[in-house]
Amino acid sequence: FFFQAEDGIRDYKVTGVQTCALPIWLATEPVGAVHREAFEALTTNETSFFRDAHCFEGLARSLLPDLMRRRRAERSIRVWSAATATGQEAYSLAMLLAEQVPAAQSWRIQITATDLSQRVLDKAADAHYLAHETSRGLDPARLARHFVPTDRGWQVRPALRSMVHFQPLNLVDTWPDRKSTRLNSSHLVIS
C-alpha cells in the first residue's frame with residue numbers, strides 16, 4: 001500500500017499483508033511508523049483564523065465574560081483547543097482572550113492545543129503563516145496587532161505565542177488535564 005506524502009509517494013511493504021487486510025493489521029499491531037503515516041493521510045488539517053466567526057463572536061459576547069467573572073479571584077484561564085491542526089484556531093483563541101481579558105498580562109492564560117499529527121503541531125509551534133493563510137479570517141487590524149512581518153510571511157508575536165502550548169494527543173486517549181475548559185473543536189467533524 002502507499003500514502004501520498006508532501007515529499008512524494010511512500011510505498012510500505014508490510015510482509016504477508018494484503019492491502020485489503022490493512023485496516024485489520026493496523027488495528028492489531030502496536031502503533032508504529034505505518035500507523036502514524038496512516039493518521040497523517042486520513043486527517044484533513046483544514047483550518048483558518050477565526051474559522052466559524054459566529055462561534056468566536058458568541059465566545060466574546062457571552063461565554064468569555066462569564067468565564068472571566070468566575071475566574072476573577074484566580075486570574076487564571078486554561079483552555080483546551082482540540083484538533084488544532086496548524087494552530088490558527090488556537091492563536092485565534094489567544095487573540096480573542098488577549099482582546100477580551102482586561103489587563104491580560106496580569107492573568108495567567110494558558111491554551112493547550114492538541115492534535116494527532118506531530119507534523120502540523122511543529123508548524124503551529126513555529127507560528128509562521130503565509131499571506132494567503134493570514135488573509136483567511138484575519139482583518140488587517142488584528143494582523144498588525146498580533147503578527148510581525150518576516151521573510152517567510154507573518155509570525156505570531158511572542159506575547160501571544162507564550163499563551164499557547166502545543167502537544168500531541170489522540171482524542172481516543174485519556175486527556176490528562178481535566179481542569180481546562182474546552183472551547184473549540186471544529187476540526188473534529190468536517191463534512
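This briefing covers the salt bridges of the predicted model. The structure holds seven of them; a salt bridge is a side-chain nitrogen of Lys or Arg within 4 Å of a carboxyl oxygen of Asp or Glu. Local features need pLDDT of at least 70, side-chain atom pairs count only at pLDDT 80 or more, and totals for chains, interfaces and linings use all residues. Residues are numbered from 1 along each chain as its sequence is written, and side-chain values use heavy atoms, with hydrogens and water left out.

**Within helix H3**
- Arg 69 pairs with Asp 66, the closest N and O atoms being 3.7 Å apart.
- Both lie in helix H3 (residues 53–70), three residues apart, about one helical turn. Helices are DSSP runs (H or I, at least four residues), numbered from the N terminus.
- Arg 69 is partly exposed at 49% relative accessible area, and Asp 66 is partly exposed at 31%. Buried means under 20%, exposed over 50%, and partly exposed in between (1.4 Å probe, protein chains only).

**Between helices H7 and H4**
- Arg 145 and Glu 99 form a salt bridge at 3.2 Å, N to O.
- Arg 145 is in helix H7 (residues 140–146) and Glu 99 in helix H4 (residues 88–100), so the pair ties together parts 46 residues apart in sequence.
- Arg 145 is partly exposed at 44%, as is Glu 99 at 28%.

**Between helices H5 and H6**
- Lys 123 meets Glu 133 at 3.5 Å, N to O.
- Lys 123 lies in helix H5 (residues 118–126) and Glu 133 in helix H6 (residues 131–134), so the bridge links parts ten residues apart in sequence.
- Lys 123 is partly exposed at 29%, whereas Glu 133 is buried at 15%.

**Network**
- Salt bridges with shared partners join Asp 66, Arg 69 and Arg 70 into one network.

Note on methods: Helix = DSSP H or I, 4+ residues; strand = E, 2+ residues; numbered from the N terminus.
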